[in-house]
Amino acid sequence: MKRNPKELDSIHRKLTRRTLILGAAQLGVVGTLGMRMRYMQVEQADQFRLLAEENRINIRLIPPARGELFDRNGKVIAQNSPSYRIIIVREDAGDVEKVIADLSRLVKLDEEDLNRAMTEMRRSPPFLPITLADQVTWNEISKVAVNAPALPGITPEVGLTRDYPQGADLAHVVGYVGPVSDYDLGQIADPEPVLRIPRFQIGKVGLEAKREDVLRGKAGAKRVEVNATGRIMRELDRREGQSGADLQLSVDADLQGYVQARLGSESAAAVIIDCETGDLRAICSSPSFDPNLFVRGISVADYRGLTTNPYRPLANKSVQGTYPPGSTFKMVTGLAALEAGLIGAGDTVWCPGYLEVSGRRFHCWKRGGHGHVNLNASLKRSCDVYYYDVALKVGIDKISEMAKRLGLGVRHDLPMSAVAEGLAPDRAWKQRVHDDVWRVGDTANSSIGQGFMLASPLQLAVMSARIATGRAVTPRLVKSINGVEQPSGAGDPMGLNENNLRQVRRGMYDVSNDRRGTAYRSRIIAEEFRMAGKTGTSQVRNITKAERAAGVINNRDLPWERRDHALFVCFAPFDKPKYAVSVVVEHGGGGSTAAAPIARDLLLQALYDGTPPLTAYPKGDRGKIRAQQEQLHRDYPGIAAPASDRA
Amino acid sequence: MSYLEHNVKSTPTGVRKILHMNWPLTLLLCSVASVGFLMLYSVAGGSFTPWAEPQIKRFVLGLAVMTVVAMVPIWFWRNMAVVAYGLSVLLLILVEVMGTVGMGAQRWIDLGFMRLQPSELMKITLVMLLAAYYDWLPAKRTSHPFWVLIPVIMILFPTFLVLRQPDLGTSILLVTAGGGLMFLAGVHWVYFAAVIAAAIGLVSAVFQSRGTDWQLLKDYQYRRIDTFLDPSTDPLGAGYHITQSKIALGSGGWTGRGFMQGTQSRLNFLPEKHTDFIFTTLAEEFGFVGGFSLLTLYTLIILFCIATAMATRDRFSALVTLGIAINFFLFFAVNMSMVMGLAPVVGVPLPMVSYGGSAMLVLMVAFGIVHSAHIHRPRQQGY
């Protein structure tokens, strides 16, 4: 088609015009884009730069090292030791199933752990390390390390975990730690972020839980660069945290170990308290358990074993177990009467073997009766009727008040779990709790530490220390925190008449040093370490009239859980008391036979700061004692060697 | 005989044609492509694989193809326009029938050595057809309703096919480029006013239809519009792309964070950082200076195309060159608006820079036609 030039010119002019319009529009758009770019990159640059930084920088917490625990001599009780675990990174492993199969030929993998790891793996991004096996031995770790080329994605890793080198000895005192559970988090109003670190350990029971505040420390933080999927690319900087405070306990780990060994397989508790400072030198509950099991995550079978054991290994009998104090309470009744001025130490009571109280007959443990008894004889021979008589004169409220002054029925402030308050009942208490009036019979029962009366071994030890010193000795478990000495528990004088105290102590002295004393067989003959004590045998059942008529059944013929508790409280040396001891053997039978020998051994061990020489024991017992020491040494190689080996 | 053929003797022949190519334009294209190689190298974390190396190979191939296309006389392309258009439409129908699924929409034809995206091809062949149409059509009839209807159908038919894929971005590009070409050809402005009014009506219809049985767009397309209008409503979901892209761009500042120092792209916060969002990496690492330089390069390409078009008195050459320029302009304008948060995320790559074979090859063919128009322009007075 031919076009004439004129037409062409007009067409072309129109095209040029339209091109210019469109070109101008395009330039307008380009200008807008440029302005927008300038606005974002120049005016708003700082704001966007900040957003970019927020994107890429993450704050990660560095868990603090938990404070360590030492005994009074610097022996380690709880430490953070390296623990080895095997981790897998899915994206490096490739064929996860195959790698795990290869690994399981080298290391025994727990089925349960493995299943948990597989679920975790499915849920998390492929670059996150997942723990396959925890608490792996060094041996197994070496095997894995040697075979590393054949195990892609598998790395042995070192972490810190809590370790209790003393094992079961201090389990009840120190407790244990464990990973934070959802339940734990629920208990805390505003949980610290550090608690959300996986596998972060916190105190669960005992001192570990009670002093979590100082033990945990402060978490540090590091700033890391992460990518869009959260993988850490590099560390930018870090602020170190603050380790938890180290705690020195008043406990002597060696002594504690000995006590635990001496209690053996009995269901028993013992407390050794320093009369001068209130330091708890040993505070034992037997049987015990290995706290390390709980740190690792106890198996179902082990846990069931602990919970179904009739001796209740998990219960801390020394502070949370309460028992009728039985005859060990008699010092309280006696002191209350003396302080009230209602009796003199020399006043006698006639014991025919029972006392008739408002129509009911209250029996003395000795059916034939003790005849004329004064305070000294009543303690020495543990006459019940004397105390029925005295208590009825003094009244329960004064007895209860004296018990509380001596540390019974009050909660001692110790950083341990479930410290029991015990019970020193009075009229108001019965009215309040049982909605019933206090009866004379209740007073009679209470006077010999039966009835409602309940005390923990700790309280009994405190009572002994207070009687021994006349001061309000308070127990102390933590000696120093990060080297800062904690207040002493020596206490101020209680304001009791020194003469009255002396009378009571004298009675206790005769218990183990007079031929007619109930614990004469468990005496100490080393002159400088003479012991004063008091036996106690507390009933856990009522003896029915029918039973009494048939003749009292010997303890040995009863099923274990219905036998009497055996108790013994003591202190030594008599002239200058250093240690007070309480021993409770659950369902052990008589205090003089089951508890007193143990208490005597504990005292000697503490006083000699090691295995006592046989010369401290009565001549006739030495052969038996020596055999016992050697036996203990054989069974518990950890404790100090017997005297014969050391000589 | 056509007017062009009268002037054959004055146009260069043989190898000499190469000397008469539009060399400034070629240089600009190489510069832009080099920016692309640099950024692809950077987003791969300082590596030629997996993106920079194939891209360089394709560009070299593209240069060769462009040269070959440039050698062919422009009237051949004019005569081929109908065939090319028909072929594109056929391919579009073919994708509809047997296309493989890519990115949730059927857009590719697998040719074995490369994946062909017919909608890319369509952008150029539509421009060719329209240019040829208006070259053929007597100027007096340009604004006649019947002769306006024909190009409108030419535009809307492939648009409809592309929309069915569904590819909203390319559809809009096709309509806009086609409309732009009609505007250049001199169609009366009343038509455009009417169309714009209708478009406004359509947009309101689209939004009115949302949630009803006859809703016009797919849900994800509505969501994209939503997040464009307010990205903060869904910062981790659909709005994530826009938000992260703006952060990357803005944090570049005046001079950027340095080559391969862009945290947003290096740490994978940017989506599709080697394709649609590659401009954000450039803006993050080289800042306003880098971003504006690229914008300037693009603008210069457009200006050289316009200059080429103005220099020729041949109607087809002028129209096809301008049409290609409009297409190219729409490419980068929409992409940049998108990453700057001025337009919804519609999936338009940055021309010559984004990783991708078929878009680049088609563009190189298009610029080959521009070259051809330039080489074969009539050189005598008194046409």
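Residues are numbered from 1 along each chain as its sequence is written, chains are lettered from A, and ligands are numbered from 1, in the order in which they are written.

The scores are ipTM 0.88 and pTM 0.67. A contact here means that the C-beta atoms of two residues, placed from the backbone, lie within 7 Å. Where pLDDT is low, the predicted coordinates should not be read in detail.

Now chain A. It has 26 helices and 21 strands; these are DSSP runs numbered from the N terminus, helices being H or I of at least four residues and strands E of at least two. Of the 647 residues in chain A, 43% are buried, where buried means that 20 or more other C-beta atoms lie within 10 Å of the residue's own, with C-beta atoms placed from the backbone. Taking contacts in chain A between residues at least 6 apart in sequence, 73% join residues at least 24 apart.

Next, the open sheet of chain A. Five strands make it up, in the order β12-β11-β21-β20-β19, with antiparallel pairing; two strands pair if DSSP finds at least two bridges between them. The edges are β12 (280-286) and β19 (532-538) of chain A, each with a single partner strand, so one side of each has no neighbour in the sheet. Between β19(A) and β20 (residues 565-572) of chain A there are seven bridges, and the two run antiparallel. A:T537 has A:A566 in β20(A) as its bridge partner.

What lies against β19(A) from the helical side? The buried residues of α22(A) pack against β19 of chain A, as well as α15 (330-340), α16 (375-380) and α21 (457-469). Among those buried residues are A:L501, A:V504, A:M508 and A:Y509. The helix α22 covers residues 498-513 of chain A, and its end C-alpha atoms are 22 Å apart, which agrees with the 22 Å that its 16 residues should span at 1.5 Å a residue. The expected span is 1.5 Å times one less than the number of residues.

Elsewhere in chain A, strand β7 (residues 201-205) has five of five residues buried, so it is largely enclosed by the rest of the structure. β7(A) pairs with β6 (residues 176-179) of chain A in the antiparallel sense over four bridges, and A:V177 stands opposite A:G203.

In chain B, ten of the twelve residues of α10(B) are buried, so that helix is largely enclosed by the rest of the structure. After α10(B) comes B:G253, with a positive phi near 70°.

Last, the contact between the chains. How many residues does each chain bring? Chain A gives 37 residues and chain B gives 42 residues. On the chain A side, α1(A) gives the most, with 23 residues.

Key
Predicted model: local features only at pLDDT ≥ 70, side-chain atom pairs only at ≥ 80, totals over all residues.
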